[in-house]
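Good morning, colleagues. Please look at the sequence and the model on the screen while I describe them.

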Amino acid sequence: MVFSSVLFLFYFLPLVLIIYFLSPDRFKNLILFLSSIFFYAWGEPIYVWLIILSTILDFTCGKEIGKSKEKNQKAKARFWLFISIFANLGILSFFKYGDFIILNINSLLGINIGLMNLALPIGISFYTFQTMSYTIDVYREEVEVQKNFISFGSYVALFPQLIAGPIVRYKTIEKELNDRVVSLDSISQGITRFIVGLGKKVLIANNIGLVWDTVYKSDIASLSILTSWIGIIAFALQIYFDFSAYSDMAIGLGKIFGFEFLENFNYPYTSRSITEFWRRWHISLGTWFKEYVYIPLGGNRGGIITHLRNILLVWFLTGFWHGASWNFIYWGMFFGVLLILEKLFLRNIIKKLPKVIGLSYTLLAVLVSWVIFSFETTNAIIGYLKAMFIGNGVMFDNLSLYLLLTNLPLFLIGIVGSTPYPKKLWLRLREKLRIDGVIENLYLVFILTISIAYLVDQSFNPFLYFRF
Amino acid sequence: MKNKLRITIMSIIILLISIFNMLIPIRSFSELENRYLEILPNLKYEDILDGDYSSDFEKYTTDQFPFRDIWIRIKTASDLILMKKDNGRVYFGKNEFLFDVNNKVDYEKLKNNIQYINKFIEKLNTEKNLKVNLIIIPSKESIHEEHLPDYAPIIDEINLSSIIESHVSTQGEVLNLIPVLKTKKDEYIYYKTDHHWTSLGAYYSYLEIANVLGFKPLEKEAFKKELVSKDFLGSQYRKINLFNGSADEIYKYSLDKDIINSIIVNENVERNDLYDYSFLEKGDKYSFFLGGDYGLTEINTKNYNGKSLLLIKDSFSNSLVPFLTNHYEKIYMVDTRYYGGSVTNFALDNEFDDIVLALNNMNIAQFNSLGSLTR
């Protein structure tokens with residue numbers, strides 16, 4: 001089930017909200033847990049048992065680590081921690097990376113083991129990382145053991161962030177799990193955030209994505225320079241609006257239920273260095289890798305070689321987390337190398353230059369990274385980059401002109417919308433005009449209405465010739 | 001207070017729509033989309049496990065969404081405001097013209113279809129010494145390209161039709177209608193909101209076809225021109241549901257005298273008129289011509305000249321045939337999409353003076369049914 005659907009907006013959500021708010025506090029986590037499992041099972045009727053098992057396992061591990069810590073049995077605590085990490089990474093590797101591993105063993109050893117062709121269970125990259133954050137933090141004694149299985153289960157399966165993040169660390173909502181306060185303020189903010197997110201996804205992301213679809217399906221060797229740039233900019237906008245919209249909707253829904261998730265995106269395309277970019281893009285992932293991989297490895301201590309090794313390792317894993325394919329690893333390493341260069345000297349240089357240089361450098365690097373991200377084969381990546389920087393002989397053609405002309409307003413909305421300026425402008429106007437509530441409500445109703453229209457239109461499927 | 005207002009407004013909107021969803025009666029057919037809509041799926045265990053139930057249920061939620069057609073209209077309005085030149089299905093052309101957003105040409109399928117056509121041509125030539133005439137009917141895009149949005153990518157039918165022409169067997173005859181219709185492009189020869197040609201466009205093609213088949217066509221003045229509909233919104237309109245131009249007009253060209261003896265559809269339904277006026281009240285008004293497409297239609301006229309025609313067609317021929325009925329005593333129309341038998345056998349089993357394959361350019365490349373030509 002996705003948030004941007006008639007099913008979620010007008011069937012699932014109203015029902016869950018009504019039941020949730022009508023029931024006494026002691027049942028609220030149970031309702032969250034059951035509805036979240038239902039939400040998950042709707043899209044994953046077979047692998048729902050996997051997330052339930054993972055929940056039971058980490059709940060048990062958490063309790064055992066806690067018990068061992070109380071009795072000062074350090075080795076036992078470590079043992080249960082390893083069980084949790086091993087099991088979570090195990091199922092993640094098996095389902096997500098199994099075939100990748102087999103493919104690579106095959107090509108390395110020249111043998112031919114058959115592929116498993118397993119479907120990837122939805123959200124597995126998110127919930128395994130979330131439950132690991134729990135057991136690790138219990139071990140680090142940064143959170144208390146959760147003794148209530150239902151409460152723990154509702155953390156793991158919480159439908160607002162189950163499918164597409166943000167990766168919510170247990171410690172972020174530890175208190176709220178046991179004791180939530182919901183105010184009219186939080187519900188109102190939640191609704192606002194959710195609707196804005198819905199609009200970003202349905203109106204901007206989905207539509208600018210059509211431009212990328214057209215370019216992606218074309219023959220790379222015949223792309224004109226302009227088409228290749230229009231295409232990758234469209235993709236950059238699509239992935240930002242899509243992903244950040246999902247986080248917006250997750251955060252909005254969380255607020256309605258009384259949870260405060262951390263921000264996941266902070267206008268990443270305004271960054272003036274790759275270092276800054278990764279503090280603004282998919283923040284929860286960066287934080288997770290920093291807390292649970294980079295810092296335990298030593299972070300920036302232990303000499304320059306260790307430091308560089310840590311950076312490269314973290315970025316290898318970050319890339320790999322995104323998908324079971326070599327291009328994702330290259331994508332991660334691409335950033336790893338740039339980050340090292342920035343740390344060593346590049347950042348200092350950029351700081352002394354005009355801001356626009358830093359911005360241009362970052363956007364260029366990010367656009368190139370999206371090319372690596374989008375194509376699985378090295379040939380395609382090189383082919384597309386060639387189309388962008390050397391060209392296939394044509395600067396622009398009918399296709400590029402048409403795509404540009406028909407989507408110009410949309411591109412402008414997307415580009416401007418990636419900056420904080422619209423919001424800043426609105427806040428300043430609000431102070432002067434003082435009729436903010438009405439206009440904001442009208443704006444939200446407008447976004448909601450148009451979003452519904454686009455959602456319904458997606459299913460429009462006219463037949464030319466009908467046969468009775 | 002401000003918060004309460006916002007929460008109330010949003011909650012009411014969502015709840016109202018949710019309740020509407022449950023209260024409105026289920027529609028099983030959409031006239032606008034010309035298809036059956038998804039109804040509430042049955043709850044079956046196997047369907048739940050393989051995900052069929054959830055995807056059918058989701059389809060049900062959108063297909064049965066209240067005021068579905070109006071929401072489509074809102075979306076089109078939004079596209080227009082954003083100055084988009086297409087909505088993914090249809091181009092918003094200049095001068096109120098709409099065009100289909102076309103897919104790529106599948107050259108494999110084109111090759112196969114030309115092979116079927118050639119086998120048919122050669123068989124008829126060998127066994128009955130009959131020359132099959134292939135008539136390539138252009139799409140609106142290639143005749144009215146000046147009305148397309150600037151730089152809009154479309155399929156080059158001049159190229160496509162010349163590929164077809166060069167591969168068709170020399171035992172047959174090819175008539176490419178692009179040149180003649182291009183000379184008439186300033187006249188109303190294609191509908192603005194539908195992909196078909198108008199009766200006038202069909203008339204000009206009839207003149208060329210008469211040339212090829214060797215009979216003298218009737219002058220335009222010989223026909224009585226009657227406006228049968230002035231609010232025709234065709235196939236391309238139905239893909240956007242919002243049009244701020246003027247609707248299309250359907251004209252009927254007929255002779256004063258009634259020349260139809262009988263019309264037999266699919267060998268068991270009798271009609272006596274080439275035109276089905278009931279469709280003028282519905283959305284799909286082009287089906288006024290012959291009532292739509294059927295596998296086999298037999299037309300017997302009062303032109304007792306003994307001549308008979310086999311016309312293998314797509315829907316363009318529906319508005320062309322009324323002109324041809326003035327020159328044959330018997331016309332058989334076969335639509336390969338709905339005809340279950342072998343067209344070759346049908347052609348060999350009956351006596352025909354002329355055999356015509358009249359197909360739209362894109363249909364020659366896209367039809368999945370041309371195999372029945374040589375079955």
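Chain A contains 19 helices and zero strands; helices (H or I, at least four residues) and strands (E, at least two) are DSSP runs, numbered from the N terminus. Please note that this is a predicted model, in which local features need pLDDT of at least 70 and side-chain atom pairs count only at pLDDT 80 or more, while totals for chains, interfaces and linings use all residues. Residues are numbered from 1 along each chain as its sequence is written, and chains are lettered from A and ligands numbered from 1 in the order in which they are written.

Let me turn to the overall form of chain A. Along the principal axes, the C-alpha atoms of chain A fill a box of roughly 70 × 65 × 60 Å. Of the 468 residues in chain A, 43% are buried. A residue counts as buried if 20 or more other C-beta atoms lie within 10 Å of its own, as exposed if 12 or fewer do, and as partly exposed in between, with C-beta atoms placed from the backbone.

What does each chain bring to the contact? Chain A gives 44 residues and chain B gives 48 residues, where two residues are in contact if their C-beta atoms, placed from the backbone, lie within 7 Å. On the side of chain A that touches chain B, the helices supplying at least two residues each include α1 (6–22), α2 (25–43) and α9 (184–217). The largest share of that side, eleven residues, comes from α19(A).

Another contributor of at least two residues to this side is α17 (398–417) of chain A. Where does α17(A) bend? The bend is about 65° at A:Asn407, and a proline, A:Pro409, follows within four residues; the angle is that between axes fitted to the seven residues ending there and the seven starting there. Among the buried residues of α17(A) are A:Leu403, A:Asn407 and A:Leu410. Their cover includes α9, α10 (225–257) and α18 (421–433) of chain A.

Finally, consider A:Arg347, which lies in helix α14 (residues 326–352) of chain A. A:Arg347 is partly exposed because 17 other C-beta atoms lie within 10 Å. Leaving aside residues up to four places away in sequence, A:Arg347 touches A:Ser273, A:Thr275 and A:Glu342.
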